[in-house]
Amino acid sequence: MDSTSAWGARSRMMLLMQMVAMAAFMLFINLPLQVQGAVETPEHPNVVDAEGHPVLFGDEYYVLPAVSGSGGGGLALKLRVNDSCPMYVKQESSEKSKGLPVVFTHFKGQSANFSSVIVEENVGLNVKTAAVTSCVQSTEWSEEDDTNTSKRFIKASDTSSLFQITKASDGDGYNVYYCPCVCKLVCTQLGIYVEGDENRWVVIDNSVETLRVQFHKK
């Protein structure tokens with residue numbers, strides 16, 4: 001083999017090695033997300049958005065009714081008691097309003113795989129409204145009892161309560177549950193409590209209108 005042919009063979013070999021190395025690198029950088037999706041189990045399937053993509057921790061999503069014509073829109077924050085802080089989570093009265101997006105974060109009080117970026121069903125998490133308000137405090141979702149109405153409302157607070165997301169029984173949308181502990185047996189479904197003509201507050205109550213939702217990425 002002359003020098004020209006040898007050089008050509010070596011060049012082709014080097015090019016082939018570079019292509020293999022690049023393919024291995026692309027596989028490596030995509031491996032974490034593939035692995036996280038691959039460990040989906042029947043007990044903890046991935047929560048998906050309206051487009052069928054997995055809902056991700058840290059991203060912003062609008063929480064909208066899963067069924068059109070249900071009487072409300074997305075979720076937002078509003079002053080409730082004497083127009084003073086804190087703000088409470090409500091459903092917009094108009095179906096055309098998306099409200100404010102929320103962000104899901106890992107519940108640090110539970111032993112879990114915090115490296116996972118995908119929100120799973122029946123796994124404890126925290127919820128935060130992605131907004132800046134006139135109240136000087138965080139917008140983490142937290143539970144508060146109201147003695148006047150005997151209802152438990154969701155308020156914006158510096159502390160976080162534990163929630164879980166579960167597929168609706170008929171498969172159309174999701175239900176959100178408040179959980180005082182990591183045990184699913186004591187979780188209570190979130191619903192809508194109508195106060196006055198327009199205020200549709202999110203409450204912790206199995207007996208009121210069910211809050212059945214879908215997630216739209218911002």
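## Links and a pocket

C181 is partly exposed, with a relative accessible area of 34%. Here, buried means under 20% relative accessible area, exposed means over 50%, and partly exposed lies in between (1.4 Å probe, protein chains only). Please keep in mind that this is a predicted model, in which local features need pLDDT of at least 70 and side-chain atom pairs count only at pLDDT 80 or more, while totals for chains, interfaces and linings use all residues. Residues are numbered from 1 along each chain as its sequence is written, and side-chain values use heavy atoms, with hydrogens and water left out.

**Disulfides**

How many disulfides does the model have? The count comes to two, where a disulfide is a pair of cysteine sulfur atoms within 2.5 Å. With bonded cysteines counted along the chain, their pattern is 1-2, 3-4.

One of the disulfides joins C85 to C135, with an S to S distance of 2.0 Å. C85 sits in the loop between β2 (75-79) and β3 (87-91) and C135 in the loop between β5 (125-129) and β6 (140-146), so the pair ties together parts that are 50 residues apart in sequence. Strands such as these are DSSP runs (E, at least two residues), numbered from the N terminus. The torsion about the S-S bond of C85 and C135 is about -95°, so this disulfide is left-handed. C85 is partly exposed at 42% relative accessible area, whereas C135 is buried at 4%.

C179 and C187 form another disulfide, and their sulfur atoms are 2.0 Å apart. The link of C179 and C187 is right-handed, with 110° about the S-S bond. Both C179 and C187 are buried.

**Salt bridges**

Now look for charged partners. A salt bridge is a side-chain nitrogen of Lys or Arg within 4 Å of a carboxyl oxygen of Asp or Glu, and by this rule the model has nine salt bridges. Among them are these:

| Salt bridge | N to O distance |
|---|---|
| D205 and K151 | 2.8 Å |
| R212 and D170 | 2.6 Å |
| R200 and E209 | 2.9 Å |

What does the pair of R200 and E209 look like in terms of accessibility? R200 is buried, with a relative accessible area of 10%, while E209 counts as partly exposed at 33%. Elsewhere, salt bridges that share partners join R80, D146 and E195 into one network.

Next, find D205 and K151, which meet in a salt bridge. D205 lies in the loop between β11 (199-204) and β12 (209-210) and K151 in strand β7 (residues 151-157), so this pair ties together parts that are 54 residues apart in sequence. D205 and K151 are both buried.

R212, the partner of D170, is partly exposed at 28% relative accessibility.

Rolling a probe the size of a water molecule over the atoms shows where empty space is left. The second largest pocket has a volume of about 170 Å³. Of the 14 residues that line this pocket, the closest to its centre are V67, N175, T210, L211 and R212. The elements that give two or more residues to the lining are β10 (188-195) and β12. A pocket is an open set of points on a 1 Å grid over the protein atoms alone, where a 1.4 Å probe fits, with protein on both sides within 12 Å along at least five of seven lines; lining residues have an atom within 4 Å of a point. The volume is the space filled by probe spheres set on the points.

Note on methods. Helix = DSSP H or I, 4+ residues; strand = E, 2+ residues; numbered from the N terminus.
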